[in-house]
Each structure stands twice: as structure tokens, then as C-alpha cells.
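Please look through the structure below before reading on. The notes that follow take up its pockets, its annotated spans and its nonpolar core.

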Amino acid sequence: MPDPKPQRPLSHWRSALPFWMSFLLIPLIWNAAILGGWWILLPPLATWYLFAALDAVLGLNLENAAPETEDTQLIWYRRLTMVWMPAQFITLFGLIAYVSQAAHLDGLEKFGIFFGMGVMSGTIGINYSHELMHQSNKLERWLGDILLAMVMYSHFRSEHLLVHHRYVGTPKDPVTARYNEGFHRFYPRVLRQSWHSAFHAERALLARKGLPWYHRRNPFLRYWALQASMMALALMVAGWTGLLLFLVQAGIAIWQLEVTNYVEHYGLTRLHLGDGKYEPVKPRHSWNAAHKATNWLLINLQRHSDHHTKPDRRFPLLQNYKEDEAPQLPYGYPIMTLAAMIPPVWRRIMNPKVRAWRKQFYPDVTDWTDYNRAQNPLPR
């Protein structure tokens, strides 16, 4: 179990304030659009490296909030994720209208601005949609769907809830990166497989109820309608240029999501128990990072083991685990995702950690070769 102490009060707005720092990225994006030039580098650099630098200064946060805290005590945390959707919507389409007509910006600068917008909508927007999709409240789930439609990745909700959480750490989960699988091989594979696995999962749910895939209860119909609406709005605001800028940020956001997925479970596998069954998901099946500033930015996403243990637990209540319970990354996600883009660097950092993880948690397993290829189950 995670260390239960110390516990911190969450009801006051000041306790949530560090997590609201993500809103500082919005004026940075607008500053880049208005000034152009080298200013366009500031939003992605701030998102990736400012928080990595703050991690080095501020260190780790090993504290745990009381997990039984009621939702009524978390109002400022809930407002954060709910307010982000309209803020991102206004920023995205406001930028499309402004940048498409900005004479002081050349084509490369326009691309750079929407690269930064994609970093923001991927790092913050998709992450907040992830928090929202796990809640039972219909408004929150709708806000999550709208955020995903803004990056043309609506099927992520179905894939994440129906496939990833069920099959994480097994060959049945497309987004669990295999040992020795470089990101540049992982990325095209997961783009293809995650859409298909999400659609098949929703179709199977409907089939069990005797309904066809095109029934109105299939969320893919909503996904397609929302995504088409976003593209149509971009066209209305700024024509074909607006649509192109919209798609640039969507592509960057998707890349941001999947490189994070790559880091979260790389090389970690659950034991096959026979007859298509696997051991229950445990804290050991996710990589974690306790770096304080990055967890502010990513609303505790790096406490990933607890998220898989309690998927509906709200982000301020996610628990930190010790090294003997869950594997720890040497750095926060910003540095680790950068390393993932350079496979030799990534393997040098992470492969020894995966091998140490195997010895720590599965000392009786001596042959991992077949499972690494995602072809055969591990021995019992």
C-alpha cells in the first residue's frame, strides 16, 4: 500500500493553485502569435523544459492526500479540468482566425505557433480529457469528448476505458510498448491498432445487447459528429488555411499523447495465467515519477500506478508508491519523452531498469523472449 502520510487538506483554493499553472500557457501562445520570430519557441520550451528545470529545483512530492476525501472538498480541482475546455476552444479557434490573417507571420512561423498549440492541447487538453472521461458525471464526460474532438482523437476514450485499462501490460493492449520496441516503430503501430481496438470494443458491447454497430448508442457516431463539427468550424473561421492549422495542432497533440503512453508502460508485462487470463493489474505495471512541478502540470498523471489501481480516483487523491511497490522513472515525463524520441538513448536508460524490474517482481521467470514479441504468453 502507498505511504498514507503525510496528508494535506484539499478544500482551500490555495491547495489547488499550483495545478492551475497550466493556464499560463495560454498567454504564452498568444504572445508567440502576436510577436512571431523566436517567440514561437517559448510555448513548447516552457511546457517541456521549464517544468523539467523546476523539477530539478523543487524535487519530489511524496505526500499523499487522504484517498477517502469527498468530491465536495475538491471543487477547485474539478473546476480546473472543467474550465479548460472552453479556454482551449476559444484559444484554438481564436488563434486560427488571427494567425491565418496575420501578415507579419510567414508560413514557418504559423506552423511553429500551431506546433506550440498542439503541444498545449496534447499535454494539457488530452490529459484533462483523460481525467474527465473517467468520471461518472455526464457533463464532465461531454467536456472530455469535446477536448478529444479538438485534436481528432475521440476514439481515445473508448480505447482507454474499454481496452487499455483491461489489457494493460499484455499483448492485447496496443498502447503498452514492448520491450526493445523503439518509439518510431511503436507510433505507427499504435495509431493503427488503437482505433481498430476501440471500434471493435464498442461494437462488441453493442453486439452483446443485440444491437448493430451503427446504433445510436455507439459513441463513435458522436465522435465523428464532433470531429466533423470541429473541422467545419475551422473551415468557416479561416478557410482551407484554418483547416490546415487545425490539423497541424491535432497531429502534434496526438504525438504528445502517444509518446506519453509509450513511456508509461514500456516493457512492463503481466503474467499470463492460462486460458487467456492474466494476473490482476498491480502498481508494478506502470512507470511512475514523483517530480513535483511536472505533476502540477500533468495533474498527477505520473502517479500512474494508482490511476490503474483506482481508475475513477480524482487526480488530487492519486497516491504515490514506494520503489518496492511500483517502478520509478529517473526523471519526469518531459525528459523521458525527449529520451523516447532517440531510441538508443531510451534503451540505454530504460532497458536496464526493465531487466531490474523483472528480477525484482518476477524472479522465477527466466525466458521472456516469446512474450517480448507479443506472440506467446509467459510461463506460469
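1. The lining of the second largest pocket comprises eleven nonpolar, four polar and three charged residues (nonpolar: Ala, Val, Leu, Ile, Met, Phe, Trp, Tyr, Cys and Pro; charged: Asp, Glu, Lys and Arg; polar: the others, Gly among them). Of its 18 lining residues, Glu323, Pro327, Gln328, Leu329 and Lys353 lie nearest the centre. A pocket here is an open set of points on a 1 Å grid over the protein atoms alone, where a 1.4 Å probe fits, with protein on both sides within 12 Å along at least five of seven lines; lining residues have an atom within 4 Å of a point. The space in this second largest pocket is about 340 Å³, a volume being the space filled by probe spheres set on the points, which are joined across faces, edges and corners.

2. This is a predicted model, in which local features need pLDDT of at least 70 and side-chain atom pairs count only at pLDDT 80 or more, while totals for chains, interfaces and linings use all residues. Residues are numbered from 1 along each chain as its sequence is written, and side-chain values use heavy atoms, with hydrogens and water left out.

3. The largest pocket holds about 460 Å³ of space. Its lining has seven nonpolar, two polar and nine charged residues. Nearest the centre lie Arg141, Arg157, Arg217, Pro219 and Arg222. At least two lining residues come from each of α6 (138-149), α7 (156-167), α8 (183-208) and α9 (219-265); helices are DSSP runs of H or I with at least four residues, and strands are runs of E with at least two, numbered from the N terminus.

4. In the model, residues 111-129 are 100% helix, whereas residues 20-40 are 52% helix.

5. Which residues touch the most other members of the largest nonpolar core? They are Phe114, Tyr262, Tyr266 and Trp346, in a core of 95 residues. Its largest share, 17 residues, comes from α9. Such a core joins buried Ala, Val, Leu, Ile, Met, Phe, Trp, Tyr and Cys residues through side-chain atoms within 4.5 Å, buried meaning under 20% relative accessible area (1.4 Å probe, protein chains only).

6. Glu63 lies in the loop between α3 (42-58) and α4 (75-100). Its C-alpha is 7.1 Å from that of Asn320, although the two residues are 257 apart in sequence.

Note on methods. Buried means under 20% relative accessible area, exposed over 50%, partly exposed in between (1.4 Å probe, protein chains only).
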